[in-house]
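Here are my notes on the model you sent over, as numbered points. Have the structure open while you read them.

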Amino acid sequence: MLNKQLLLTALAPAIWGTTYLVTTEFLPPDRPLLAAVIRALPAGLLLVALTRRLPKGDWWWRSLVLGTLNIGAFLALLFVAAYRLPGGVAATLGALQPLLVAGLSTGLLGERLTRRTVLAGVAGVAGVSLLVLQSSARLDAIGVAAAAGGAVVMATGVVLSKRWTSPAPLLATTGWQLVAGGLVLVPVALAVEGAPPASLSGANLAGYAYLALIGAALAYALWFRGIRALSATHVTFLGLLSPVVATLLGWLALGQRLTPWQLLGAAIVLAAVVAAQRPALLRTGADNYQPLTTPHRATESEMV
């Protein structure tokens with residue numbers, strides 16, 4: 001039976017797949033780091049204000065570490081890669097993230113690395129490359145390093161988010177990470193792009209509002225909720241849905257052409273996601289998946 005938790009978590013990368021459309025159609029050009037700051041910091045402050053909770057003890061530095069990995073460093077590296085590489089190259093390198101999470105999870109979370117996971121990860125990379133990679137794509141050393149670094153820091157952030165379970169409400173911990181990530185990005189944005197524009201259009205404000213409220217506050221809350229409840233490896237495979245959504249929106253909203261190779265790539269990506277989620281899609285018969293309704297076993301797995 002299809003797992004409701006997986007569907008809710010899958011909404012996060014689907015929402016992130018709309019970022020390209022919103023950025024190109026609504027935001028001012030050449031301000032990617034400003035977009036990252038506005039996406040993270042206001043959303044985090046809003047969640048902290050709503051929950052009225054601040055970190056305690058170790059969670060001050062843990063929030064900084066997680067916010068830097070999941071948001072601050074990741075978004076900075078993502079936008080560097082986007083500017084120095086064709087989008088297809090950056091997305092293909094980013095598709096390595098499930099394999100990285102699966103490897104890190106074996107050491108930090110005690111999860112078993114299965115052949116199915118490895119094959120699904122390889123298929124996911126192949127599918128994304130067919131979906132978005134063009135034969136004319138050029139490589140740039142800094143761009144490649146940024147894209148690979150983004151995949152590494154996000155993978156590390158996902159695994160540590162699973163290992164460090166906060167006793168605070170989900171929205172509070174999401175807000176802490178967004179604030180931390182936004183604060184890390186502020187000096188970088190000022191140094192690279194300078195002061196924000198003196199004036200913004202209504203379309204700019206609408207785009208920034210969407211990225212902050214939907215693309216950050218809602219999407220990250222769903223993402224971290226999924227990490228709390230599901231296997232880190234299962235969750236990160238859902239991230240492969242982002243380039244699929246971005247490509248479909250380009251076809252539907254921007255009139256971009258879809259080739260047979262892209263359709264094949266999308267099919268391979270979806271098959272890889274489903275194959276990786278198989279233990280969570282079935283009520284029974286899973287080798288290493290513990291359902292949420294078994295609190296005793298779930299607690300033991302979290303202690304590994």
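1. Going along the sequence, the pattern is α-α-α-α-α-α-α-α-α-α-α-α-α-α, which comes to 14 helices and zero strands. Helices here are DSSP runs of H or I with at least four residues, strands are runs of E with at least two, and both are numbered from the N terminus.

2. Some housekeeping before the details. This is a predicted model, where local features need pLDDT of at least 70, side-chain atom pairs count only at pLDDT 80 or more, and totals for chains, interfaces and linings use all residues. Residues are numbered from 1 along each chain as its sequence is written, and side-chain values use heavy atoms, with hydrogens and water left out.

3. Buried means under 20% relative accessible area, exposed means over 50%, and partly exposed is in between, with a 1.4 Å probe and protein chains only. If you take the contacts (heavy atoms within 4.5 Å) with a separation of 6 or more, residues 24 or more positions apart account for 90% of them.

4. Have a look at α10, which runs over residues 202–229. This helix has 28 residues and reaches 39 Å from its first C-alpha to its last, close to the 40 Å expected at 1.5 Å a residue; the expected span is 1.5 Å times one less than the number of residues. Helix α10 also bends by about 30° at A219, the bend being the angle between axes fitted to the seven residues ending there and the seven starting there.

5. What do the ring pairs link W16 to? They join W16, Y220, W223 and F224 into a cluster. The structure holds five aromatic pairs. Rings of Phe, Tyr and Trp (its six-membered ring) pair if their centres lie within 6.5 Å, and planes under 30 degrees apart count as stacked, over 60 as edge-to-face and the rest as tilted.

6. W16 itself sits in helix α1 (residues 4–16). W16 counts as buried because its relative accessible area is 16%. Setting aside residues up to four places away in sequence, W16 touches R39, G215, A219, Y220, W223 and S242. A219 in that list is also where α10 bends. W16 and A246 are 230 residues apart in sequence, yet their C-alphas are 8.4 Å apart in space.

7. Where is N204, and what does its side chain reach? N204 is in helix α10, and its side chain gets to the backbone oxygen of F26 at 2.6 Å. A second polar contact, of 3.1 Å, joins the side chains of N204 and S201. A polar contact is a pair of N or O atoms within 3.5 Å; within protein, one must be able to donate a hydrogen and the other to accept it, and residues adjacent in sequence count only if both atoms are side-chain atoms. With neighbours within four places left aside, N204 is in contact with F26, L27 and P28. N204 is buried, as its relative accessible area is 11%.

8. P98 lies in helix α6 and, with 3% relative accessibility, is buried. Not counting residues up to four places away in sequence, P98 touches T236, F237 and L240. P98 and G124 are 26 residues apart in sequence and 8.6 Å apart, C-alpha to C-alpha.

9. T114 is in the loop between α6 (97–108) and α7 (115–132). Buried or exposed? T114 is buried, because its relative accessible area is 13%. Its side chain makes a polar contact with the side chain of T117, at 2.9 Å.

10. Two backbone angles deserve a second look. Most residues other than glycine have a negative phi, and most peptide bonds are trans. D30 has a positive phi of about 60° although it is not a glycine, and R52 has one of about 55°, again without being a glycine. D30 is in the loop between α2 (19–26) and α3 (32–51), while R52 is in the loop between α3 and α4 (59–84). D30 is exposed at 58% relative accessible area, and R52 is exposed at 77%.

11. Finally, the surroundings of W59. R62 lies over the face of W59, at 5.7 Å from the ring centre; a charge sits over a ring if NZ of Lys or CZ of Arg is within 6 Å of the ring centre and within 35 degrees of the ring normal. P167 is 108 residues from W59 in sequence and 9.8 Å from it in space, C-alpha to C-alpha. P167 belongs to the loop between α8 (141–163) and α9 (170–193), and its 76% relative accessibility makes it exposed.
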